[in-house]
Amino acid sequence: SYAPSVPPGRDPVRVAFFGGSVVFGIGQRDEHTPPSEFARIAEENGVPVEVHNFGFPRLVAWQELHLFERQLAAGEEFDLVVFLDGFNEFYMQGQGLSWDPTHHAATAMNEIVADFREVRATEPGALDGIGEMVTSYRRAPT
């Protein structure tokens, strides 16, 4: 997340964001998540902030609350806490109600690990090096 500078001698407002993929920043450029944009707006208005992004894909409100409680139990202190929820709450209702909630983010973690493994942790093929070189040249500024 974007971290604005804090002027010397000023205590920043400590802000924690909790939510699902939107807060995490799925589909956003680096440093352009909602918490990052919040930090930019605060900086533009002369308000020193220290923003913490606890968003993670597929989290729902009850999971975020447990994560928040763990942060507090670990000694973290925040001046402001933002919970940004929406789609995941509706999605979970459509999955059928259960008396035993599951950690729905486990599926998201598995997808992230599988993607990393497929791209980075497999033995390269005979032409992979050439393909990476072509991709690197294609991305390089001219």
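Buried means under 20% relative accessible area, exposed means over 50%, and partly exposed is what sits in between (1.4 Å probe, protein chains only). Keep that handy for the exercises below. The model is predicted: local features need pLDDT of at least 70, side-chain atom pairs count only at pLDDT 80 or more, and totals for chains, interfaces and linings use all residues. Residues are numbered from 1 along each chain as its sequence is written, and side-chain values use heavy atoms, with hydrogens and water left out.

**Exercise 1. Work out the overall layout of the protein.**

Step 1: list the elements. Helices (H or I, at least four residues) and strands (E, at least two) are DSSP runs, numbered from the N terminus. The protein has six helices and three strands, and from the N terminus on they run β-α-α-β-α-β-α-α-α.

Step 2: check the burial. Of the 142 residues, 25% are buried.

Step 3: look at the contacts, meaning heavy atoms within 4.5 Å. Taking contacts with a separation of 6 or more, 78% are between residues 24 or more positions apart.

Step 4: Accessible areas come from the Shrake-Rupley method with a 1.4 Å probe, and for residues only the protein chains shown count as cover. The protein exposes about 10300 Å², with carbon and sulfur atoms supplying 56% of it.

**Exercise 2. Check the length of α3 and find which of its residues are buried.**

Step 1: get the expected span, which is 1.5 Å times one less than the number of residues. Helix α3 (residues 61-73) has 13 residues and should span 18 Å; its end C-alpha atoms are 18 Å apart, so the two agree.

Step 2: pick out the buried residues. In α3 these are Gln63, Glu64, Leu67, Phe68 and Gln71. Seen down the axis, the buried residues of α3 fall within an arc of 140 degrees, so they line one face of the helix.

Step 3: turn the helix over. Arg70 and Ala73 are exposed on the other side of α3.

Step 4: see what follows. Gly75 comes after α3, and its phi is positive, near 100 degrees.

**Exercise 3. Find the salt bridges and see which ones share partners.**

Step 1: set the rule. A salt bridge is a side-chain nitrogen of Lys or Arg within 4 Å of a carboxyl oxygen of Asp or Glu. The whole structure has three of them.

Step 2: start with Glu50 and Arg14, whose side chains meet at 2.8 Å, N to O. Glu50 is in strand β2 and Arg14 in strand β1, so to speak distant parts of the chain, 36 residues apart. Glu50 is partly exposed at 29% relative accessibility, while Arg14 is buried at 19%.

Step 3: Glu76 is partly exposed, at 31%.

Step 4: finish with Glu37 and Arg40, at 3.5 Å, N to O. They are three residues apart in helix α2, so about one helical turn separates them. Glu37 is partly exposed at 29%; Arg40 is buried at 18%.

Step 5: join the pairs. Shared partners link Arg14, Glu50 and Glu76 into one salt-bridge network.

How values were computed. The arc is that of the directions from the helix axis to the C-beta atoms.
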